Amino acid sequence: MTVMILERVTPSTRGDLSRWMIEVKTGVFVGRLSALVRDNLWKRCLKLTENDDATLMQIWSTNNEQGFDLRVHNPKGRFPYQNEGIWLVMVADPDPRREP
């Protein structure tokens, strides 16, 4: 299973991705893809959005402790990172002027 989440992309990019996956909600695509197709779709989306302020996230099933892996391009507000092989998400402070 593969999930792709696209924010701030053109309708043509979403339409292009809908050839391979189902858009269950605006910008959220789900499908069962081979690793080759998944990687090629990621590269294609990066190429289609290279001049935009788009955020892309791709999550897919794999054989690890959490059962999934992911990659992100241009994250906004939430920043996934790996710590000892486990994916965690750091949430940005909405008010950077706030005192700790």
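Which residues form a nonpolar patch on the surface? The legends below start there and then move to other close-up views of this predicted model.

**View 1. A nonpolar patch on the surface.** S7 supplies the largest share, with three residues.

**View 2. Tyr 81 in strand S6.**

**View 3. The hairpin of S4 and S5.** Strand S4 (residues 55-61) and strand S5 (residues 68-73) run antiparallel and are joined by six bridges. Look for Trp 60, which stands opposite Asp 69 in S5. Six residues sit between the two strands, and in this hairpin Gly 67 adopts a positive phi near 85°.

**View 4. The largest nonpolar core.** Twelve residues make up this core: Met 4, Leu 6, Val 9, Leu 17, Met 21, Phe 29, Leu 33, Leu 41, Trp 42, Cys 45, Ala 54 and Leu 56. Two or more of them come from each of strand S1 (2-7) and helix H2 (35-48). The largest share, three residues, belongs to H2.

**View 5. The contacts of Val 9.** Setting aside residues up to four places away in sequence, Val 9 touches Arg 14, Thr 49, Ala 54 and Leu 56. Ala 54 and Leu 56 also belong, with Val 9, to the largest nonpolar core.

Conventions
Residues are numbered from 1 along each chain as its sequence is written. This is a predicted model: local features need pLDDT of at least 70, side-chain atom pairs count only at pLDDT 80 or more; totals for chains, interfaces and linings use all residues. Side-chain values use heavy atoms; hydrogens and water are left out. Patches are made of residues with over 30% relative accessible area and no salt bridge: like charges are joined within 9 Å, nonpolar side chains (Val, Leu, Ile, Met, Phe, Trp, Tyr) within 5 Å. Accessible areas come from the Shrake-Rupley method with a 1.4 Å probe; for residues, only the protein chains shown count as cover. A salt bridge is a side-chain nitrogen of Lys or Arg within 4 Å of a carboxyl oxygen of Asp or Glu. Helices (H or I, at least four residues) and strands (E, at least two) are DSSP runs, numbered from the N terminus. Two strands pair if DSSP finds at least two bridges between them. A nonpolar core is a set of buried Ala, Val, Leu, Ile, Met, Phe, Trp, Tyr and Cys residues joined through side-chain atoms within 4.5 Å. Buried means under 20% relative accessible area, exposed over 50%, partly exposed in between (1.4 Å probe, protein chains only). Contact means heavy atoms within 4.5 Å.
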